Every structure is written in structure tokens, then in C-alpha cells.
Amino acid sequence: MKPLVEIRGVDKHYGETQVLHGIDLDVSAGEVVVVIGPSGSGKSTLCRCVNRLETITSGSITIDGVPLPAEGRELARLRAEAGMVFQSFNLFGHLRVLQNITLAPIKVRGLSKAQAAERAHELLARVGLADKADAYPAELSGGQQQRVAIARALAMDPKVLLFDEPTSALDPEMIQEVLAVLLELAEAGMTMIVVTHEMGFAQQAADRVAFMDGGRILEIAPPAEFFHSPKHERTADFLTKVLHH
């Protein structure tokens with residue numbers, strides 16, 4: 001079986017600064033890969049490269065055998081395959097929750113309004129917000145907004161979901177409600193790449209955990225091995241800090 005996402009030799013420069021160094025990563029269909037590491041290690045950049053919010057300097061990324069297109073129509077189609085959930089929700093404030101979720105499926109996937117609305121209601125129920133279809137984002141808590149953002153990403157029926165620190169902008173009591181949705185998606189077999197600081201989630205939901213530092217993946221392993229017997233000194237050092245502070 002070919003991996004669903006193949007990242008090969010990916011470098012990324014901003015001017016003189018190199019932020020990704022020769023990244024290789026395969027993600028199989030139905031696999032959850034959690035990416036952890038210190039701030040500035042390149043995790044978010046890598047996540048953003050996978051659906052081409054950031055362009056790569058060299059190397060290649062393919063999703064389901066199709067290389068990332070440069071721009072235009074093909075790119076919109078690819079973004080539908082690789083749904084992205086950001087730190088800061090990025091919902092349209094002037095649109096109700098239902099419209100936020102149905103907009104792209106109607107425009108990009110060509111669904112009818114009725115089909116898109118039916119799917120949106122199903123997804124809102126799935127993320128525990130069945131009663132919020134008519135609310136505006138400003139009327140929701142951060143945790144609720146993030147769950148709407150997840151429903152919006154799912155509405156495109158993506159092949160892979162990318163999460164860029166989905167809980168880092170949330171108050172502690174809202175983090176669990178978002179992680180619970182992610183856990184449910186993981187259990188349902190959704191292919192996911194999740195950049196997060198939530199070690200408990202990594203231990204529970206990940207098939208593999210990748211540790212990034214200095215723009216490189218230093219180590220990748222199943223959670224039991226990763227957390228209990230890390231091979232790389234930097235990984236061990238990082239885990240000591242985050243697990244025991």
C-alpha cells in the first residue's frame with residue numbers, strides 16, 4: 001500500500017533562513033501522526049506545507065499519489081483533500097455557523113444547498129453542537145468555535161486532516177472538549193497530522209509520534225516506545241521538561 005501522504009526531502013527557506021531540513025515522512029490512510037517539539041522547530045511550517053499554505057523550496061509532497069499543484073483550480077481541489085484546522089479557528093464572523101460549514105462544499109465540491117446543509121447538521125451533531133447551526137461565531141466559546149472549524153474541515157470529506165496546534169488558543173477547560181472530538185475522529189479512522197503540545201492526546205490517539213527540533217524530524221515512533229524509551233537525547237530532554245514541569 002502506498003502511503004496516503006508522502007513527504008520526501010522537503011526543505012523550506014525564508015530568505016537566508018532554512019526552517020525545514022530534508023523532511024521525510026509517510027502517513028498511511030487511517031493513521032494519526034502527532035508532531036511535537038519546541039517552539040520554532042518547524043512543526044507548524046511542515047503542517048502548512050502539506051496543503052501548500054507555505055510553498056516548499058525543494059523536495060516533494062504527494063497526497064494520495066498526486067503531487068501538490070502549484071496554484072489555481074488544482075490547488076483548491078487539493079486543499080479540499082487536505083483539510084486544515086488552525087489555532088485561531090478562522091471562521092467567517094459575518095456568517096452563521098451553518099453557512100461557515102456549507103460555503104466550501106457548495107463552491108468547491110458542487111453540493112446543492114440542501115445536501116450541504118444536511119451534511120453540516122450531521123457534522124454539528126458529531127462535534128456536539130447540534131443546536132448551534134444558527135449562531136454567529138462571536139456567540140460561541142473558543143472551544144465551540146474550534147469544534148465548528150473541525151466540522152467545517154470535515155464537510156469537505158478530506159482524505160487527511162491537518163491540525164496546527166488546535167488547542168493552543170483555548171482556555172484549559174475548553175481544551176478537553178476539542179481533544180475529545182479529535183479522539184473520536186482518530187478512533188473512527190480519520191487520517192490526521194496533528195501538531196500539538198498535548199502529550200496526553202499524543203499518548204492516547206497517535207499511531208506514531210514525531211519529534212521535531214531545528215527543522216528536522218529527529219525521532220518518530222509509536223507512543224509507548226516514544227514516551228518510555230526515546231532514542232534521541234533531544235527527545236528525552238524535551239519530554240523530561242514537558243512531562244514533569
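Start by selecting Glu6: at 13% relative accessibility it counts as buried, where buried means under 20% relative accessible area, exposed over 50% and partly exposed in between, with a 1.4 Å probe and protein chains only. Before going on, note that this is a predicted model, in which local features need pLDDT of at least 70 and side-chain atom pairs count only at pLDDT 80 or more, while totals for chains, interfaces and linings use all residues. Residues are numbered from 1 along each chain as its sequence is written, and side-chain values use heavy atoms, with hydrogens and water left out.

**Stop 1: around Glu6**

Lys2 counts as exposed, because its relative accessibility is 60%. Arg8 counts as partly exposed, at 34% relative accessibility. Bring in Asp26 as well, and you have a network of salt bridges linking Lys2, Glu6, Arg8 and Asp26. How many salt bridges does the count come to? By this rule there are 18.

**Stop 2: Glu81 and Lys159**

Next, select Glu81 and Lys159. They form a salt bridge, with the closest N and O atoms 3.0 Å apart. This pair links distant parts of the chain: Glu81 is in helix 2 (residues 73-81) and Lys159 in the loop between helix 5 and strand 7, 78 residues apart. Helices (H or I, at least four residues) and strands (E, at least two) are DSSP runs, numbered from the N terminus. Glu81 is buried, with a relative accessible area of 15%, whereas Lys159 counts as partly exposed at 34% relative accessibility.

**Stop 3: two positive phi angles**

Stay with the loop between helix 5 (142-154) and strand 7, and pick Asp157 there. Asp157 has a positive phi of about 50 degrees although it is not a glycine. At 48% relative accessibility, Asp157 counts as partly exposed. Then move to Glu165, in the loop between strand 7 and helix 6. Its phi is near 45 degrees, a positive value in a residue other than glycine. Is Glu165 buried or exposed? Glu165 counts as buried, at 11% relative accessibility.

**Stop 4: Asp164**

Select Asp164, which is found in strand 7 (residues 160-164). Leaving aside neighbours within four places in sequence, the residues in contact with Asp164 (heavy atoms within 4.5 Å) include Cys47, Met84, Phe86 and Val195.

**Stop 5: the nonpolar cores**

Colour the nonpolar residues next. A nonpolar core is a set of buried Ala, Val, Leu, Ile, Met, Phe, Trp, Tyr and Cys residues joined through side-chain atoms within 4.5 Å. The largest has 52 residues, and those with the most contacts inside it are Ile36, Ile150, Phe163, Leu185 and Met192. Helix 6 (residues 172-187) gives the most to this core, with 9 residues. Apart from it lies another core of 28 residues, among them Val33, Val50, Leu68 and Val195.

**Stop 6: aromatic pairs**

Finish with the rings. The count comes to 2 aromatic pairs. Phe211 and Phe238 have ring centres 5.2 Å apart and planes at 45 degrees, so this pair is tilted. Rings of Phe, Tyr and Trp (its six-membered ring) pair if their centres lie within 6.5 Å; planes under 30 degrees apart count as stacked, over 60 as edge-to-face and the rest as tilted. Both Phe211 and Phe238 are buried. Last, select Phe226 and Phe227, an edge-to-face pair with 5.3 Å centre to centre and 75 degrees between the planes. Both Phe226 and Phe227 are buried.

Methods. Salt bridge = Lys/Arg side-chain N within 4 Å of Asp/Glu carboxyl O.
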